[in-house]
Each structure stands twice: as structure tokens, then as C-alpha cells.
Amino acid sequence: MNADSNEEAVYIEGLMKRFKLVDIRNEYQGLVREATESNMSHLEFLKRLLEIEAEGKNNRKQERLRNSAGFETMKKLEDIDYSFNPSLDYNKITELGKLGFIDAHENVIIIGPPGVGKSMIATGIGLNACNAGYKVLFINAKDLVDQMYERMQEGYLREALTKLQKVQLLIIDELSYLKMDKEKESLFFQIIRQRYEKGSLIITTNLPMGRWDEIFTGKLAATAILDRLVHHCHVISITGESYRVKGKKN
């Protein structure tokens, strides 16, 4: 490479760094060689460069969304063993995995005993949402309520609720293992009310909806919360044995 070519290369590298064209910067020299060898047109060369950058940016965005979602595992919907549990509705779960319910601001409630795959289904749908560019938060129900309570005690409840409102899919896992007092119940109700017809929820629980008064302070509170949740809602009811004891029978 002569001095002029080297100077041009340095200049081009500087511009790509300045405009944060990470993937073009990494790939353009190879593409230049390919374009020269295949007599690629200028338009096709430009198109390929832009596609490389777009794909890279999209992949990094998906990774950021997955990492910030708080998933406990990275299980995909494709990892579900439907043959083990015939009560799993493949068509319904697959359809929810297409994410139309998020754009429609609808909710999903997944009900079933421990170990039947509730969290796995919620995670799989959440991963699909991250890969489609949606902001997702996966959080245990007790942790969510405790965090909101702490923010309220610190005087930052409004800021915490505003931040939560920006989440396009909120997944509340294990709405079963807690008993709320009036204050925490009020906080939970605010979260549900804030998202009503504006943002989507997935809730996993061991308790049938008729027993949600065991979580809240009574039937009146449970009904007020359920009214908003089930107005636009898909319910998945799962029965059967736990996946966690699946291997013990062999």
C-alpha cells in the first residue's frame, strides 16, 4: 500500500470510528476485495455495506435487551418438550410467541402447579419479544413489590413507576408465594392500572384466579385487580407432572 492509499485508509477508519460504524469498519476491507473480484456495482456494494451495519446493530440491540431483561434462564419456546406434557397447548403458545398480543396491549396469565413450565413459557415469549426489539422485564412478583415499596419509602415511587411504564412487556413470575398487606397491594394495583390497555403483562402463578384473594387482602381487592388483567387476556392453564422429576422416573 502506497503512502496515499495508507493516508486514505486512515482517513476512512477515522470517519467510521467517528460515526460509530462498527460493523462496516470490521468488514469493509473484505467486502472491497469481494467487490473487486466479482465486479460488484457501486449500488450493490453500498447496499451490502449498509446491510452489514444494520444487521450488526440489530444483533447488538437484541443482546442488550436480553441482558437487561433479567431472565433467570435463556430457554426458548423451541426448547419446550410438548410430548412430556399433553396439557400444553402448542398452537396457543406458538401464537403468543408471534407477539401480536403486545401490539394489542393484551395480557397473558399462565396458571399451573410447580415445575410444569410456566416460567419457561414466559421466558420463551420474552426472548422472542427482545429479539423483535421490545423492552422486556422479567421479575419475581415478591421482588417487584418489595422494590416498589422501597422506592416509595425513599420518595421515588413516581420515578420508579415511570421507568416501569417504559417496559413494553412486563413478566411477573410466581404470583403465588406472598401475602400482601394494604400498602403493597396498593402498589401492585397501581402497576396493573398503569399498564391497563397501554402495556402488556405476563403473569405466572400456581393459584387459580378464584383463589387470588389468598394473595391480596380479600376478594374485593383480587376482583379489582383481575378485572383489569382479564379484560384483554389470554389464559394458559397447565396440569400434569413437574419437568423437574421427569428424569427421575427412568
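The following paragraphs describe the fold, the surface and a few selected residues of a predicted protein model.

Residues are numbered from 1 along each chain as its sequence is written, and side-chain values use heavy atoms, with hydrogens and water left out. In this predicted model, local features need a pLDDT of at least 70 and side-chain atom pairs count only at pLDDT 80 or more, whereas totals for chains, interfaces and linings use all residues.

The protein chain contains 10 helices and five strands; helices (H or I, at least four residues) and strands (E, at least two) are DSSP runs, numbered from the N terminus. Its radius of gyration is 24 Å, while a compact globule of 250 residues would have a value near 18 Å. That radius is taken over C-alpha atoms, and the globule rule is 2.2 Å times the number of residues to the power 0.38. Along the principal axes, the C-alpha trace of the protein chain spans about 80 × 55 × 30 Å.

Contacts come next, a contact being heavy atoms within 4.5 Å. Of the contacts in the protein chain with a separation of 6 or more, 80% are between residues 24 or more positions apart. Of the 250 residues, 39% are buried; buried means under 20% relative accessible area, exposed means over 50%, and partly exposed lies in between (1.4 Å probe, protein chains only). The protein chain exposes about 14,600 Å², with carbon and sulfur atoms supplying 51% of this area. Accessible areas come from the Shrake-Rupley method with a 1.4 Å probe, and for residues only the protein chains shown count as cover.

Turning to charge, the protein chain carries 36 positive and 36 negative charges, and their mean positions are 4 Å apart. In this count Lys and Arg are positive and Asp and Glu negative, while His and the chain ends are not counted. Each charge is placed at NZ of Lys, CZ of Arg, CG of Asp or CD of Glu.

A salt bridge is a side-chain nitrogen of Lys or Arg within 4 Å of a carboxyl oxygen of Asp or Glu, and this rule gives a count of 12. One of them joins Glu 53 and Arg 60, with an N to O distance of 3.9 Å. Glu 53 is classed as buried because its relative accessibility is 5%, whereas Arg 60, at 27%, counts as partly exposed. Both residues also belong to a network of salt bridges that links Asp 23, Glu 53, Lys 57 and Arg 60. Another salt bridge pairs Glu 95 with Lys 98, their closest N and O atoms being 3.5 Å apart. Here Glu 95 is partly exposed at 49% relative accessibility, and Lys 98 is exposed with a relative accessible area of 57%. In helix H7 (residues 141–154), Arg 151 and Glu 154 lie three residues apart, about one turn of the helix. Their side chains form a salt bridge in which the closest N and O atoms are 3.1 Å apart. Both partners are partly exposed, Arg 151 with a relative accessible area of 32% and Glu 154 at 47%.

Beyond its neighbours within four places in sequence, Asp 173 is in contact with Ser 119, Phe 138, Ile 139, Asn 140, Ala 141 and Thr 204.

Leu 187, in helix H9 (residues 182–195), is classed as buried because its relative accessible area is 3%. Not counting residues up to four places away in sequence, Leu 187 touches Val 145, Met 148, Tyr 149, Met 152 and Leu 157. The C-alpha atoms of Leu 187 and Gln 168 are separated by 19 Å, the two residues being 19 apart along the chain.

Finally, the backbone deserves a look at two loop positions. His 105 has a positive phi of about 55° although it is not a glycine. His 105 sits in the loop between helix H5 (100–103) and strand S1 (107–111) and is partly exposed, with a relative accessible area of 32%. Glu 197, also not a glycine, has a positive phi of about 60°. Glu 197 is placed in the loop between H9 and strand S4 (200–205), and at 42% relative accessibility Glu 197 counts as partly exposed.
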